[in-house]
Amino acid sequence: MSWWRLYLGQLAILVCLAPYVNLQPAENINYNLVHSWADKLGMELFHLGDFITRRKEVQESFKDAKVVSRNGASIVDSMAKEIEMMMDLKVSAVRRIMDTAENTALSHQNEKADKMFSYYSAKEMLEPGDPVPPIPTPAPDMDKDIGEPLIYVQPKVVVLEPRPEFHNTPVNFSVSSVHVPVNVFDRAPDVIKAIQWSENLDQIFRDNYKNDPTLSWQFFGSSTGFMRQFPASKWRKDVPVDLYDCRLRSWYMEAATSPKDIVILMDGSGSMLGQRLDIAKHVVNTILDTLGTNDFVNIFTFDKEVSPVVGCFDETLIQATLGNIRELKEGIELFSPKSIANYTAALTKAFEILEDAKLNSRGAQCNQAIMIIGDGAPENNREVFELHNWRDPPYKPVRVFTYLIGKEVANWDDIRWMACENQGYYVHLSDTAEVREMVLNYIPVMARPLVLGRHDHPVIWSQVYADIEDTKLSDYLWDISQCEYQKADVLQFWQVRDRMLEPIEMHRRKYRRMKETWKQPVDSNVYQFMTTVSMPIYDRRENANITEEVLINEALWELQTRETKIANILGVAGTDVPINEIKKLLSPFTLGVNGYAFIVTNNGYVLFHPDFRPIFQGYILKPSYNSVDMIEVELLDDDRAARDFNPLLMTIRDSIINQSTGSKWMLVKNHFDEMKRVARIKRQYYWTAIKKTPFTLVISYPEQYGVSHMDIRADQEIHRISIKGTNLRNVFSGKRWKIHPDWLFCKHSNRTFKTPEIELLYFLERMSEPGWRWPGSRSAMPPEHAAAMFCDRQLMQALVFDARVTGWFSNNTSFNSKDDKGTSASSPIAVLMGLLPRNEFKQRFGVTVAFLATHSGLTRWHEFHSNAAEESGAGETFSQNNTRAIDEIWYKRAVDQHFVREESFVYSVPFDAGESNSEILVTASHAVFHNEGGKTAPAAVVGFQFQHSALYKLFHNITGNACAVDDKDCYILDNNGYVVISTRVHETGRFFGEVNGAIMKRLLEENVYKQVTVYDYQAVCFESKSDNNASSMLLSPIFHVLRVGKWLLHTALWYIVQLLQWAPGVSSHYADMYGDSNETEPPAPPPEDHGRNGNGHGKKDKDYWLRYLTLHRTRLKPCDMKRELYTLFKEKDNVVYNMTAHACERPFVVLPIPFSNLILLVIDQLCPRDATVMLTVNPQPIDYPLAINETLACYKHAREFNRMRPHSCISRHANESGIKLCGKACSIYANLGLLLLCHILSRWL
């Protein structure tokens, strides 16, 4: 043993002398010395990791496993069948609700509505102990709006209990609850009658849940507006306004009507001003809210000419995605009436567009309709309809719906005739409050062919959406966020005064807020994303008595009751399918590390994807979050420009949306870790259809290490080791282990467990019992099958094997002992580490925790304490944040690093870690691969966390004072260009291009790093709400009034700021809430002169702050951005690492640090540096070649992708012509004074 004692003695001398090794300030950078630093640091870190993680022992533990090939085609087929089976169960449940509802409605058709009927109102029902609201005492006794006495029914009491399968929402499984929108009167006869008979659905709801305990919310959405939901729950009250109306949700609209092409025509005549214009815009917006991604639409305004509200959408129909709908709404908001309306030209234009869409197989290719919004038509335009719509009687391909706007209108008969003669519907609107109900009348009309078919109930699967949320709420939340910014600015101005005027401070504040908007979490608990399966419910009656107003003569209206033919839709039945529940069926274990699955709809949009980022700023839904195309998230590594998609990718997309089966490999760019890192890899793709749905399943895994996977041998199976006497629970002894929280290891349909670990132990006990059998499907089975339990056999076998062979890892590394696996490393340095006292080891190396994660989702760890007594802290923190095994960033990076250098660790620090005041931890990880028969597969990843201060101390001990002098800068950078070590600690975690852009640019030029452009097609931009168009000032006289109001607001704000100076305690309150976080941002722009005088209170300065403190509101806008990311050049023996520094021509030396993903960079600071050069990884806008007034929506529309139309289309029925219900005529309420005034004006003007 004398040889290693001599080695240790020499090592100790080198360490002691290291602080005295120095570079003279005038001396050039010594390449050999820097090389020795890199080698020594890499060696010491590697041996530290080797000793701490016991990686060799971990690798030895997997020696009994085998490596087998992964069959992608078989995997995708198996997963698709599992999802199909699960979805079939949901469809069966909805079909039972539909059938029960139709029969119940028919049997209760003769019952009278009980206006005092009591039901469980989701908004008003009480829980035991809640105070009973007092009975209102209305005055007057009559409700003027409805002309009847006010009705009060005391709320019902229900017991609610939180259930984890409903995201801990308190629910009751005995009854259902009813949600009524704010615009629906629940005591109206037709509404309360439907609430009455639909209460009988509770029994089928309960039976469905008993048969399939994995069911989520079941519901019946009534055409009258209410929604009955099971299980019963209270409606959320944490939003300012209840915007929810089930009839505006995609699952309702798409089930109630087949896909549709709609052209909206808005009257632009001069009479459409004031309230009429407001009502008309509200009508248009409500129509747009009823459309989904399978519908197509366009809006035209017409006066003397016909013009699209969005110029680039002319002559075509556009898909009704959230982004396009938003563009149309913004266009209609800017519309102003001008002159006389030309109805003939408008109708001709609409018919031509619809005919062109049908001839060229564009649009929905199903229902077609024209919506006319105006205050009266001068004629009925019969010739236009005869030419375009009456060619093939009695069939009329285009329906016409008319919306007459205004209280006093005379020429209503022509506009009503247009609707009635073209299988449409007519409504008269005189107030914004009635718009929603009146607009929704078009749905039952378009549903008539469905209802007349009786037996055909299309099954509809919706696009992904965020539960009960409305995208209007995103705009509200963004406005609230801006108000909070305004408040913070006012308070901070009082605190710092003139300092806030400095450009660097303004830039810092702006940058900090922009960073908040860049937070786009993939996994978030803020919203519950889901798809819904729904089915229409028909009124089985063919005739019914109706009561309506009939015009007897020119001035007399009379109520008459008559029997008429009907085809009414009662509503829609549905059930939610949470996206997370679908993901659990995909068994990520079978795809391995960096493998994933996703589902694509018939429109090419992803239902879910690992790069689906629907939220920004941590809690706000993006404006067009649910229309992300698969080619916008699968980024090919082909260096093409933005939106210049590779033909190969387009071909694969076409195959997927056509629901074919296929496979292909592609070179792609995978970004990860908050979109700040990127890997360029070759991936294999497999896809196949999920039958009887519009969905296609796609799986993908890396070709380099995904083609093989670990498997256990027959003698290692659970039942065999149980026979040998192994207690399965003992395999998972202790507390220092966890399993992947999102994976489906085992589940019990009738039981819930506090943690996944408790659930696992329960099933391990069951497996040890005689007669255990493996259920064959992940989908829910009826109670008589498999005791409503499921276990993933392959995953459980792998998990138990991994736990059994790694059980020793969670035991703390022994110190001063030679019996433990921890001292088995052959390195003398490792032996020395093992001989150190525990407290000295912790103090010297700063190690807090060592961990192990296996391919089966198991994570183990053990803490390193200063003494033998157990301490809490590091292990708990690690286990709370690092339980996702192969889905953790450190796991994925370690596996990728294995193919760069097998014997190496990946080191990382949190981004911008130096800006925080908390202790910085360095995470190091290393992949353990198992080889057998020429095949290799990742088995596990080992790693450890240690204090950044210990790493810095080690670096300082190696380099001495050489990096502490003014003329030298030393950096350790990781493989993506982020600072791990700097002499200025606040730079830790920052991208080096923002620290020293000039040197980073040189590293790019010399092929140390390679720049990789990553496009973000899901970005959000912020557009100013102010309209700077000069024409708007001329057209709107109120503009000048608003300018006066704005001036008054400026002045009021200024005096508020001045008064705050006298408010006691404001300073301390601000310091607590809005204190400076010492963040460091990229260099600010050069300072500007704001005209301050010596005291900082000049008039020009005051005016500047008036402008600054005024809230400059912005609106959300979907946009595209790009990030320039960086990765180390992977060429082995890169010649740049042999280059020495050469005066100021090359004022640096860069060398790889062995056994790591790091490089060492030493810079001569005496050389001049171009401070204007800055490289950043922050998102940057993409400049597309747009024409004037064009937007991204225009650019995307010109480059539309193929789509697959839904299979179901029912747009006509031979018996529909017998239905004569097309809306009520309007009464004329003439104002004699107004008529006289109009007559006088008409004579004089």
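Q: Which residue is the bridge partner of K664 in β27?
A: That's Y685. Keep in mind this is a predicted model, where local features need pLDDT of at least 70, side-chain atom pairs count only at pLDDT 80 or more, and totals for chains, interfaces and linings use all residues. Residues are numbered from 1 along each chain as its sequence is written, and side-chain values use heavy atoms, with hydrogens and water left out.

Q: OK, how many bridges join β26 to β27?
A: 11, between residues 662–672 and residues 677–689, and the two strands run antiparallel. Strands pair if DSSP finds at least two bridges between them.

Q: What sits between β26 and β27?
A: Four residues, making a hairpin, and D673 in the turn has a positive phi of about 55 degrees.

Q: Switching to helices: at what angle do α23 and α24 pack?
A: About 100 degrees, with axes 13 Å apart; α23 is residues 756–768 and α24 is residues 793–805. The axes are lines fitted to C-alpha atoms over the stretch in contact, with angles running from 0 to 180 degrees between N-to-C directions. So α23 and α24 are roughly perpendicular (65 to 115 degrees).

Q: Which residues make that contact?
A: L760, L764 and M767 from α23, plus M796, L799 and V800 from α24. Contact means heavy atoms within 4.5 Å.

Q: And how many helices and strands are there in the protein chain?
A: 37 helices and 44 strands, taken as DSSP runs (helices H or I, at least four residues; strands E, at least two).

Q: How much counts as buried?
A: 55% of the 1245 residues, with buried being under 20% relative accessible area (1.4 Å probe, protein chains only).

Technical notes
Buried < 20%, exposed > 50% of the residue type's maximum accessible area, 1.4 Å probe, protein only. Parallel < 35°, antiparallel > 145°, perpendicular 65-115°, else oblique.
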